[in-house]
Amino acid sequence: MSLVIACSDRYHQAGRLLSATTEVRRSIFRHSLPLALLIGFGCLSAEIVVVMASAPAVARSTVALKLRRLGDRVDLVVSGLGDNPRLISQRSSASGWFGRLRGTTSSASTVPQEVAMPSLGLLSVGLKAGTDASFELTVKTVEGMVLPQPVLNSTGSSLIVSFRPLPMRSTAVQAGRLDLSRPGRVQQPVMVPPMRARAAAPPLGDIAVGSMLLNNRSYVQATGPSVSLTLNNAPAKDALMSLARLGGYGFVYVGDPESDPTKTTPVGVTMAFRNERFDRALNSVLLASGLQAKLDGRTLMVGTAISSKTFGPQMSKVFRLNQVKVDKAANYLASLGASMNVINTITTTTGEASSAGTNQLSNQTSQTTQKSTQVETYGASVGPLLGLTGTTDTRLGTVTLVGDPQLISSAESYLKQLDLRRRQVAVKVQILNVNLANDRFVDASFSARMGDTFIVSESGKGHLNFGQYKPGGPSGSGIYGQGVSGVPGTYSSYGQVPQQRVVQPMVASQSVVNPVVQEQAVFPPQEPGGDPIFVPKLDSMGRPIYVPSSDPAASQTLKPVYDSNGQPIYVPDANPAAEQTLKPVYDNKGRVKYVPSSEQYRQPGNSFYAYIEAQIIARNAKTLAQPTLLVQEGEKATVETGTDVVVNVERDENGDTGTTTYTYEKETAGLTLEVDVDKIDDNGFITMNVNPSVSVPVPAQQAPGTETGGAQIFNLNKRDLQSGSIRLRDGQTLILTGVVSEQQIEEVKKWPILGDLPLIGSMFRSSESTRSKDELVILVTPRVLDDDQGGVFGYGYRPSTQQATQLMQNGF
């Protein structure tokens, strides 16, 4: 505004102030008004006129931005946002931070503001009006500086965005390119994450609060003259009727239809007033009598349950809920006093009992099933929503409320605060399981023969023999044979040869057939002195008839013998000079069986043989898993990766059919992770349970002769951990456990005295050592997801190098 001061003509030039900026005009007005008044009082004929002329309209912003430094923490305080200030979205980058704010204050009149604090790395902090009645807060850092994750807090109409610690410089990791011809870890152009401050528990009372002002519906806002009265056990209905007439109101008493009027005892009230306000006197009578009342226009309605009674229209409103389940919402409204109706389906099955004295129905007789529906109404007897009626629909997820518009408005406010999205958290779990083993084995053995003296050192075990034979047992004389006695220096060959079985010679079975001739009939000669005539005899079928030959020189005939299948029958050969046959022996899998060779070797005289065996075995196994689970608040997620291995084999032989079957028992070897997120609070702390399990398969040693059907049996080296309830801050990494187990076994076999000699003693001893070390490290990093930011965990993945892009395009 501009200020115009008129004090006659001679002071006209000195009294006019031109228009300036808002702050300058305010200062001129404050300093010039006393001067103008002094000039006016100095000349009595002067005419003083103070005119506040309208200046050009300049909007003033009620939203202010300022910076506040507390040690290594910087607070960005945005004041004047109104009720319920909040951050609706945010975005972080390597060089700054952007957030969108919203409150009840309109952003239309907001003037862009900008502040800076270069000493702490803040190049600029700007606030301006955004779209959809929101505010945009932008933070830019000095080159080489990074911003930690902000912490949000709200105090009244102000929103505080805190960054700690500041300043903080960034450390760039050298960029690398993907070389597909060389294995190994590839460095990527990323930024080393800043060190986070130690987590601290949230302050007491730092919770989200939703406030709503509710009128006292039991208090009747009536007007009338002052009241002076004295009542002693007077009927409450009569006293209320008299007060209604005094205030000029109509009176209606609404009785309870379920009550018995013959058994109802009138309620008496006792009180005394003198010049008391009309509304306090009326409500005192209601309070003393236990009755309810409400004003409907100029009519006072009184009764025991009057909240749902009205002359005016009622409102019906349907709410379709997005997040909360309708049954949970119905229970919440019922606990606040609303009457919720639920339809229950009752199924009744009738029939004959299966036995006397039991409730079990017989399945042998017919049964009758009937279904009926029943409406059940439930709700608290007191509460701010008393008098409101509602029902739910689980298919559409809707809640229908019927009642007074003011009650429905209150219920709507409750539902808005209840129907909020559950937070989600991306839990990244890094599991490192390291198995280290170092086995060392040193063995020296030798054998020497000097005449009839034999010296043998086998893996630290000494053998000495004097004489041509080994000593025999107590009942023997030491002759060569199997057992404790034998010839020293004689060794069996440890080679393997195919097992064979001896088959005795066999010949085909034959039957002996005696010689036969054809039977003939003899007819006398036709002429005297002639030869008789022989004619062959035939049977009824016209075949010749044979009879045994009477010729003693006739030879017998050998005829093969066949079985019922027409196969020749073989019998042992009676020839003692026939050779035996050797045939290989096979197992039930058709594989050739091998047996130790029966050949023997004897060490020559005056000889010395020695060997030294040394071996070091080092094993290094590392199992690394980095699963990321997206879990909603109050839910549980499980991931399981690994392979199935055989841990047990059962062998079953069928004696009737001669078949053998194997049953394999398998278990999963690998990683099993279960994450149960209990709570994600407004301060960025996540309370959850992490239950990882890591199992590593180890080949099991099988006893000789064990049949497993060709399958390898494994033992599982399993490690389980149940963290219990832990609390982590958003983005904080916690080493959940570092379990280390170490085992060392040393074994030495040696000759007495000789095995302890330096240098040469190694020929008389055998040593073996085994060391194993297992370590399990688990790191847990939760990050709370902001739904307004979009997905960043796999939804919008893009390969960062040219080679990776090419691989994905080729379908790998």
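**View 1. Contacts across the chain of a predicted model.** Among contacts (heavy atoms within 4.5 Å) between residues at least 6 apart in sequence, 66% join residues at least 24 apart. The model is predicted, and local features need pLDDT of at least 70, side-chain atom pairs count only at pLDDT 80 or more, while totals for chains, interfaces and linings use all residues. Residues are numbered from 1 along each chain as its sequence is written, and side-chain values use heavy atoms, with hydrogens and water left out.

**View 2. Secondary structure and burial.** Six helices and 47 strands occur in the chain; helices (H or I, at least four residues) and strands (E, at least two) are DSSP runs, numbered from the N terminus. Of the 812 residues, 27% are buried, that is, under 20% relative accessible area with a 1.4 Å probe, protein chains only.

**View 3. An open sheet of three strands.** The strand order is S13-S16-S15, and the pairing is mixed; two strands pair if DSSP finds at least two bridges between them. Strands S13 (250-254) and S15 (292-296) are the edge strands, each pairing on one side only. On average, neighbouring strands of this sheet are turned by 20° against each other, direction ignored.

**View 4. The pairing of S13 with S16, and helix H2.** Strands S13 and S16 (residues 299-303) run parallel and are joined by five bridges. Thr299 in S16 is the bridge partner of Gly250. Helix H2 (residues 236-247) packs on the sheet, where H2 touches S13 and S16. The direction of H2 makes about 155° with that of S13; axes are lines fitted to C-alpha atoms, for helices over the stretch in contact, and angles run from 0 to 180 degrees between N-to-C directions.

Terms used
Buried < 20%, exposed > 50% of the residue type's maximum accessible area, 1.4 Å probe, protein only.
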